[in-house]
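Student: Could you take me closely through the place where the ligand sits, and then show me how that place relates to the pockets of the protein?

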Amino acid sequence: MTTARVITVRRDVQAVAQGKADEFRRAMTERGTLVINVLSSPGSGKTSLLAATADALKPDFRTAVLVGDIATDRDAQRLAEHAPAVQLTTGGACHLEYPLIEQGWRALGEPEVDFLFVENIGNLVCPASHDLGEHLRILLLSTTEGDDKPAKYPKAFRTSHALVISKIDLLPHVPFQVERAVADARSIRADLAVFTTSAYPPVGLEPWCDYLQTERKRMLSGEACRPNR
Ligand SMILES: Nc1nc2c(ncn2[C@@H]2O[C@H](COP(=O)(O)OP(=O)(O)OP(=O)(O)O)[C@@H](O)[C@H]2O)c(=O)[nH]1
Ligand SMILES: [Mg+2]
């Protein structure tokens, strides 16, 4: 005969994790640091865009990067000449979770920076479900991935504030229609901000960096952060 046992869980584990991410966001707001979580498929150009962005912001702003990968510190090495960078390796997990952000922030030395970028693991599925304590969530979609992707990965698009269409230098060579991708993405999230960029050569960085500065000013003026879950 089987017997049933009732186990009472006294702490909601997810609520504790969410509370810590919220606390980090509040602490970073008080320091004047805008935290930006960057999502995309593998190889969409996250590291390339972050290197170019750090260079473009450098004259006026301080930046740092936490960069996630399953293995290797290659991206942190690439970024090191552009901004202080710490590699977060998950050892197999397909997304970053908040405790790694806390560790990485300590490893960076908790610097006084205006922008803290977090490059998530290349994956359009799992990272969409994890709040890292960011103020902004940015999604990269490169022109080599196809303009039909937004509706196929709706959560990533629904929970992001802005879409960066990357590698636009390749538009003459690929069957990617920017208008089609934007319409698809905005059918999921109507107020999605959209930017088109290339890292090689650098194109479209000014409107993108202006957007980051505007979002930081909103945060500094006390406007409530709008995480989308
Ligand atoms: N033509 C072109 N190639 C690019 C551009 N941006 C990145 N690449 C190339 O695309 C490849 C992937 O770029 P990464 O910046 O490593 O992409 P990532 O999203 O950081 O990749 P993971 O971290 O592995 O997910 C590299 O070979 C880059 O040189 C771009 O704007 N145009
Ligand atoms: Mg990368």
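Tutor: Helix 2 (46–57), helix 3 (74–79) and strand 8 (198–199) each contribute at least two residues to the shell around ligand 1, where helices (H or I, at least four residues) and strands (E, at least two) are DSSP runs numbered from the N terminus. Helix 2 provides the largest share of that shell, with 3 residues. This is a predicted model, in which local features need pLDDT of at least 70 and side-chain atom pairs count only at pLDDT 80 or more, while totals for chains, interfaces and linings use all residues. Residues are numbered from 1 along each chain as its sequence is written, chains are lettered from A and ligands numbered from 1 in the order in which they are written, and side-chain values use heavy atoms, with hydrogens and water left out.

There are 18 residues around ligand 1, and K46, S48, R78, D169 and A199 come nearest; a residue counts as near if one of its heavy atoms lies within 4 Å of the molecule. Sorted by class, the shell holds 4 nonpolar, 7 polar and 7 charged residues, where Ala, Val, Leu, Ile, Met, Phe, Trp, Tyr, Cys and Pro count as nonpolar, Asp, Glu, Lys and Arg as charged, and the others, Gly among them, as polar.

Turning to polar contacts, which are pairs of N or O atoms within 3.5 Å, we find a polar side-chain atom of K46 at 2.7 Å from an oxygen atom of ligand 1. K167 also places a polar side-chain atom 3.0 Å from an oxygen atom of the ligand, whereas in S44 a polar backbone atom is 3.2 Å from an oxygen atom of ligand 1. On its own, ligand 1 has 650 Å² of accessible area, of which the protein covers 72%, as computed by the Shrake-Rupley method with a 1.4 Å probe.

The space that ligand 1 takes is the second largest pocket; a molecule sits in a pocket if more than half of its atoms lie within 2 Å of the pocket's grid points. On a 1 Å grid over the protein atoms alone, a pocket is an open set of points where a 1.4 Å probe fits, with protein on both sides within 12 Å along at least five of seven lines, and lining residues have an atom within 4 Å of a point. The volume of this second largest pocket is about 340 Å³, a volume being the space filled by probe spheres set on the points, which are joined across faces, edges and corners. Its lining consists of 25 residues, and G43, S44, G45, K46 and T47 lie nearest the centre. Helix 2, strand 2 (63–69), helix 3 and strand 8 each give two or more residues to this lining, and helix 2 gives the most, with 4 residues. By class, the lining of the second largest pocket has 7 nonpolar, 11 polar and 7 charged residues.

The largest pocket, for its part, has a volume of about 420 Å³. Its lining comprises 16 residues, with Q14, A17, Q18, H130 and D131 nearest the centre, and helix 1 supplies the largest share, 6 residues.

How values were computed:
Polar contact = N/O pair within 3.5 Å; in protein donor to acceptor, adjacent residues only side chain to side chain.
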